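Hi,

Here is the two-chain model I promised to send over.

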Amino acid sequence: MNDKTRREFLKTATTAALATAVTPGVELFPAVHAAGTDAIRVGLIGCGGRGSGAAADVLSSAPGVTLVAMGDLFPDRLKASQDRLRQNFGDKVAVTADRSFTGFDAYQKVLASDVNYVILATPPGFRPTHLKAAVAAGKNIFTEKPVAVDGPGIRSVLATYEDAKAKGLGIVAGTQRRHQTGYLETMKRIHDGAIGSIVAARCYWNQGFLWKKDREPQWTDMEWQIRNWLYFTWLSGDHIVEQHVHNIDVVNWAMRAHPVRAVGMGGRQVRTGDAYGHIFDHFAIDYEYENGTRLMSMCRQIEGCEKNVSEALVGTQGQCRTEDKARYEIAGAKAWKFPVADDNKPYVQEHTDFIASLRAGKPLNELKTVAESTLTAIMGRMSAYTGKAVTWEQALNSQESLVPADVGFGPIATPPVAVPGQTPLV
Amino acid sequence: MRPLILASILGAVAIGLGPQTPRALAPERAAAHANYVEEVAGTRIKFDMIAIPGGTFTIGSPDGEAGRAADEGPQRQVTIRPFWMERTEVTWDEFDAFAFAAAIAGAGGVAPAATPSAADAITRPTPPYADESFGYGKGRQPAISMQHHAAMEYCRWLSAKTGRAYRLPTEAEWEYAARAGSTTAYSFGNDAAKLGDYAWYAANSGEHPHVVGGKAANAWGLHDMHGNVAEWCLDQYDASAYSRLAAGVIGPVVLPDDRRYPQVARGGSWDDDAARLRSAARRQSTPDWNRRDPQSPQSIWWFTDATSVGFRVVRAVEEQENLKGIQSKITKDSR
């Protein structure tokens with residue numbers, strides 16, 4: 001898309017005809033705003049803790065932003081989120097009853113409304129479908145990470161990325177470290193050669209347990225699983241994908257590449273209760289990049305153990321340590337340290353940056369990047385689940401589709417726990 | 001044994017230590033008021049409680065004190081009833097037993113005990129995303145990053161576990177104990193050059209907290225009252241609190257309400273310069289301490305940006321009426 005034309009369009013928000021003239025069939029910022037504004041009309045899809053947080057973040061990120069539509073599978077989640085946002089943001093929350101949607105098709109209804117900026121924050125298993133539909137509907141997208149849970153999902157997302165690019169739509173992902181001052185300043189130095197060439201890397205998300213929702217008698221299997229989505233691979237991708245993707249993404253960012261092969265191990269040793277679905281509670285993956293650089297990755301969700309959420313790079317001329325919110329340090333000839341007190345609020349900044357890019361007519365599109373980091377994590381999980389080495393191509397072309405074709409309330413079994421050496425690589 | 005503690009055991013004989021000499025309020029109970037070791041049944045937790053005699057002291061700092069802030073005045077005479085105070089800041093070993101032990105026990109899907117104890121009924125922190133110790137280590141390191149609500153709930157849990165009523169110190173109790181009879185900027189005098197003997201702070205901490213009790217104690221046997229981690233007090237912060245203190249006030253406190261902020265934290269930390277470690281220096285919590293919590297509602301248990309706050313517990317010899325059964329009023333709907 002031509003930047004100038006798009007910028008003009010954003011500034012004037014005149015008619016859909018202009019948008020059509022630029023990009024046939026796509027109405028980026030529908031002509032519902034007063035002339036001369038470039039109002040952001042947000043639709044929230046997925047009203048859980050993170051989605052509600054993201055709505056609060058976008059409303060805090062820039063002037064001219066209103067939340068106008070909300071959708072969630074569950075009415076109670078929608079209402080709690082809406083009430084709280086209204087209490088905290090007043091008039092910026094302009095979600096009427098006829099723009100509040102529940103059920104599995106809530107996302108379609110939000111997309112059919114006059115929003116021009118959607119937040120996708122449902123469990124990740126639904127993400128490829130939602131991304132595809134949002135781009136088809138011509139919406140700019142803030143998508144939470146991860147963006148898929150399996151190879152087929154990633155293939156869909158990569159196709160969606162191309163569609164979005166062709167349509168000039170913006171997409172920013174919830175890998176917020178890429179909008180975090182400490183990380184940005186560190187990466188600038190790494191890419192300027194502050195530690196020479198990277199020869200090895202490590203990354204960790206070792207923490208304790210996470211929340212779970214006790215099953216209520218009226219819940220179907222499906223409702224119970226979705227409310228406890230962390231613990232089902234078809235919904236979360238397992239914690240290596242859902243959570244550790246953040247740290248993997250940092251190393252991919254530093255490397256400006258993704259690994260080509262993974263050999264991993266993991267298991268479900270402590271968090272074995274039925275309430276925790278079937279995911280693993282620990283992984284350790286040896287990743288290999290094209291240039292031979294290795295990334296040692298660990299993630300664990302077991303309480304009472306050593307915790308560590310950080311990344312480290314070993315270069316030919318120095319080392320780098322980063323830990324979200326706590327430290328950003330380079331050692332070696334070009335030693336450097338970022339003052340943590342100067343760090344920003346990345347969860348707000350990502351929306352600020354995104355909206356600025358939209359208003360400047362140069363929409364950010366981070367979908368391919370986050371898809372690659374997501375697939376890196378999926379590749380590691382596949383190796384740990386099967387016990388086999390897994391290449392990038394094998395992960396990308398995997399025929400294993402974890403998400404049920406028809407999702408509806410009713411019975412659904414908890415999948416078996418993967419057994420390395422027995423679970424097939426599909 | 002130090003004279004003041006001895007005094008409290010013997011019925012608080014006044015010892016001539018100047019204007020800050022404690023005067024016992026409950027001599028009949030004083031015989032039982034001695035240091036002890038608390039051992040929490042069913043855990044490996046053990047910590048020392050130091051008997052702090054009752055007495056009268058001057059809260060706040062004089063106008064001329066270097067680094068003074070306006071909220072440290074006006075100075076007032078305040079009387080404090082006898083209590084015990086934990087010798088050190090609460091460690092991760094101690095806090096983890098509250099925060100995570102139940103989850104560890106339940107991870108294998110084992111059914112909860114048929115007859116839950118009072119302690120079982122107390123809400124535990126929602127698990128934090130990431131590492132609540134921010135890479136600073138656990139064990140004997142001071143617990144950090146917990147919100148005021150979490151510190152209060154820890155006290156409630158500890159009380160239920162032990163049958164002894166623990167709580168956060170009131171701001172007045174905290175300053176009284178930190179001063180340990182002194183009237184100077186620090187408990188050891190006015191010379192900040194000596195601070196390194198008593199405290200971990202910006203000049204010597206290496207930018208991280210340290211294992212508790214590693215520096216010299218104050219005159220009453222309390223460690224790390226200056227520095228290491230700033231310590232939660234029970235009080236809601238009120239800049240003008242002292243101006244409303246009546247003459248002869250006993251046990252003043254600004255009771256915490258259902259607002260998430262601001263509460264009082266005292267003593268300064270590993271991340272602060274000397275002036276913020278002064279006995280009279282006050283700090284209030286702010287939403288900035290949790291500015292990077294990406295969830296809505298934000299956690300009422302953990303902070304994302306307050307790695308220099310912790311706490312220690314106290315226990316009254318005879319609890320004052322308005323603090324009996326004190327409990328946090330904060331819920332996830334609190335603003």
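Let me start inside chain B. K138(B) and D96(B) join their side chains in a salt bridge, at 2.9 Å from N to O; by salt bridge I mean a side-chain nitrogen of Lys or Arg within 4 Å of a carboxyl oxygen of Asp or Glu. This pair ties together distant parts of the chain, 42 residues apart: D96(B) sits in helix α3 (residues 92-99) of chain B, and K138(B) in the loop between α4 (101-106) and α5 (148-162) of chain B. Over all chains, the whole structure holds 52 salt bridges. Helices (H or I, at least four residues) and strands (E, at least two) are DSSP runs, numbered from the N terminus.

Some housekeeping before the rest. This is a predicted model, where local features need pLDDT of at least 70 and side-chain atom pairs count only at pLDDT 80 or more, while totals for chains, interfaces and linings use all residues. Residues are numbered from 1 along each chain as its sequence is written, chains are lettered from A and ligands numbered from 1 in the order in which they are written, and side-chain values use heavy atoms, leaving out hydrogens and water.

On confidence: pLDDT is the predictor's confidence in each residue, from 0 to 100. Chain A averages 92, and 91% of its residues score at least 70. Residues 1-28 of chain A fall below 50, and beyond near neighbours in sequence that stretch has 62 contacts in the model (a contact being heavy atoms within 4.5 Å). Residues 30-36 of chain A are also below 50, with 16 such contacts.

Now the interface. Chain A puts 40 residues into the contact and chain B 29 residues. Together they bury about 2700 Å², 53% of it on carbon and sulfur atoms; buried area is the accessible area (1.4 Å probe) that two parts lose on being put together, summed over both. R84(A), K307(A) and K325(A) provide 22% of what chain A buries against chain B, more than any other three residues.

Four salt bridges run between chain A and chain B. One of them pairs R84(A) with D333(B), whose closest N and O atoms are 2.6 Å apart. On the chain A side, α3(A) gives the most, with five residues. By type, the residues of that side split into 14 nonpolar, 14 polar and 12 charged (Ala, Val, Leu, Ile, Met, Phe, Trp, Tyr, Cys and Pro count as nonpolar, Asp, Glu, Lys and Arg as charged, and the others, Gly among them, as polar).

K325(A) also turns up in a hairpin: it lies in the turn between β12(A) and β13(A), which has three residues, and its phi is positive, about 75 degrees. Strand β12 (residues 318-323) of chain A runs antiparallel to β13(A), joined by six bridges (strands pair if DSSP finds at least two bridges between them). Across that pairing, G318(A) stands opposite G332(A). β13(A) also pairs antiparallel with strand β14 (residues 336-337) of chain A, over two bridges, and K337(A) is the bridge partner of E329(A).

Back in chain B, five strands make an open antiparallel sheet in the order β1-β2-β5-β11-β6. Its edge strands are β1 (36-39) and β6 (166-167) of chain B. Four bridges link β1(B) to strand β2 (residues 46-52) of chain B, with E38(B) opposite F47(B).

Cheers
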